[in-house]
Each structure stands twice: as structure tokens, then as C-alpha cells.
Amino acid sequence: MNGEILQTTDERFLLSAIQNGDLKAYGILFRRYYPMLCAYATRFVELKDAEEIVQDVMLWLWETRQTQTFETSLSQYLFRTVYHRAINQIVRHQSQLRADTLFYENMQEMLQDTDFYQLEELQKRIKEAVEALPPLIGRLLSCTASRIKATKILQKSCRYHPKPLTTESSRH
């Protein structure tokens with residue numbers, strides 16, 4: 001059996017007819033193997049991908065019909081070809097996922113760096129704007145900013161929430 005052609009008479013007849021361009025023989029072969037090959041391929045990939053793989057294999061079989069020779073039975077050859085293409089599909093998919101993950105991580109890092117530099121630039125511009133103000137207004141803004149910070153710190157640490165001011169008219 002080593003290297004022997006293990007084809008049935010029916011397979012040999014169909015292959016011979018297909019090699020001579022017989023579309024009916026190809027249709028018979030397609031209908032015979034397509035469902036089985038799709039079911040087999042779904043063991044490795046999703047149904048949509050399995051159908052595409054099997055269609056590609058069957059199309060390839062038709063396109064190379066005149067030069068094709070088989071060292072095993074046609075059935076074994078088709079199943080082995082579908083298996084290898086399914087594995088290749090998985091490898092391509094995993095490579096794409098790795099590339100997408102790397103791209104996402106690099107973009108996240110780049111965006112974080114951009115945010116940092118934008119914040120740094122904004123702080124620099126605010127400082128320059130405050131320094132350009134008359135000295136009295138600059139000190140007033142600094143004091144106000146310090147009070148706001150202090151109030152927020154106090155509110156967080158002591159759960160202090162100042163009550164809004166009410167007027168006499170709002171009490172009635």
C-alpha cells in the first residue's frame with residue numbers, strides 16, 4: 001500500500017471524466033464530497049470559514065484537473081487538503097489577532113503619551129497666561145485656586161459639604 005493509488009473504480013472514472021472537462025462528473029463529485037468536507041472542516045473552523053475552504057479546494061480541483069495526479073484516494077486527498085487549509089486559516093487568524101493586539105497596545109500607549117504632552121502644554125500655557133496678568137490679579141487667582149484645592153481636599157477627607165447660602169426670602 002506504500003505509495004499505491006488507493007482509488008475506487010468510481011473515483012478513477014470521475015477523475016478521468018473531470019480531467020476531460022466533464023462538468024456533470026464534477027457536479028457528482030462536488031455533491032458527494034462537499035457536505036462531508038464541510039462537516040469535517042467545522043471541527044477546526046467556523047461553518048462560514050469551513051464552507052469557504054471546501055469551495056476553494058473544490059474550485060482548485062477543477063482548475064488543476066488536467067495536471068492533477070493523486071498518490072492516495074481522492075477522498076483521502078480532499079480530506080487532507082481541507083485539513084491543511086483549515087490549519088492555515090487558524091494560523092492566519094491567530095497572526096491577525098496578535099497583530100491587532102500589538103496595534104491596539106501601541107495605539108493606547110501613543111494616546112496616553114499624547115494626553116500627557118497635551119496636559120503638560122496646557123499647564124505651561126496657563127502658567128504663562130497667569131504670569132502675564134497684573135501681579136495683584138495673578139496672586140488673587142493663585143489664592144483662589146489654593147482655596148478651591150483646600151476645600152476639595154477638606155470635602156474628601158472629612159466628608160464636609162458646605163451648605164448653600166440661603167437668603168431670607170428663600171426661607172419663607
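A residue counts as buried when its relative accessible area is under 20%. That cut-off applies in the views below, which show a predicted model.

**View 1. F70, a buried loop residue.** F70 sits in the loop between α3 (47–63) and α4. Its relative accessible area is 6%, so F70 is buried. L15 lies 55 residues from F70 in sequence. In space, the C-alpha atoms of F70 and L15 are 9.9 Å apart. Both residues belong to the lining of the largest cavity.

**View 2. The largest cavity and its lining.** One cavity of 30 Å³ or more turns up in a search of the whole structure. The largest cavity holds about 30 Å³ of space. L15, I18, Q19, L61, R65, Q68 and F70 line it. Helix α1 (residues 9–19) is the top contributor to this lining, with three residues. Sorted by class, the lining has four nonpolar, two polar and one charged residues.

**View 3. The kink in helix α2.** Helix α2 (residues 23–41) has a kink of about 35 degrees at Y33. The proline P35 follows shortly after Y33. Y33 is also among the buried residues of α2.

**View 4. The start of helix α2.** Here D22 makes a contact from its side chain to the backbone. A side-chain oxygen of D22 comes to within 2.9 Å of the backbone nitrogen of K24.

**View 5. The salt bridge between D10 and R32.** The structure has two salt bridges in its count. One of them pairs D10 with R32, with the closest N and O atoms 2.6 Å apart. This pair joins distant parts of the chain, D10 being in helix α1 and R32 in helix α2, 22 residues apart. D10 has a relative accessible area of 35%, so it is partly exposed. R32 is partly exposed too, because its relative accessible area is 33%. Side chains of opposite charge can pair when their charged atoms come close.

**View 6. The salt bridge between E121 and R125.** E121 and R125 form a salt bridge, their closest N and O atoms lying 3.1 Å apart. Both residues are in helix α4, at a spacing of four residues, or about one turn of the helix. An α-helix has 3.6 residues a turn, so residues three or four places apart point the same way. E121 is partly exposed, with a relative accessible area of 35%. R125 is exposed, because its relative accessible area is 54%.

**View 7. T81 in helix α4.** T81 belongs to helix α4 (residues 74–132). The T81 side chain reaches the backbone oxygen of Y77 at 2.8 Å. T81 has a relative accessible area of 13%, so it is buried.

View 8. The secondary structure consists of six helices and zero strands. From the N terminus on, the order of elements is α-α-α-α-α-α. The protein has 172 residues, of which 21% count as buried.

Methods:
Residues numbered from 1 in each chain as written. Predicted model: local features only at pLDDT ≥ 70, side-chain atom pairs only at ≥ 80, totals over all residues. Heavy atoms only, no water. 1 Å grid on protein atoms, 1.4 Å probe; cavity = no way out; pocket = protein on both sides within 12 Å on 5 of 7 lines; lining within 4 Å. Points joined across faces, edges and corners; volume = space filled by probe spheres on them. Helix = DSSP H or I, 4+ residues; strand = E, 2+ residues; numbered from the N terminus. Nonpolar A, V, L, I, M, F, W, Y, C, P; charged D, E, K, R; others polar. Bend = angle between axes of the 7 residues up to and from the residue. Buried < 20%, exposed > 50% of the residue type's maximum accessible area, 1.4 Å probe, protein only. Polar contact = N/O pair within 3.5 Å; in protein donor to acceptor, adjacent residues only side chain to side chain. Salt bridge = Lys/Arg side-chain N within 4 Å of Asp/Glu carboxyl O.
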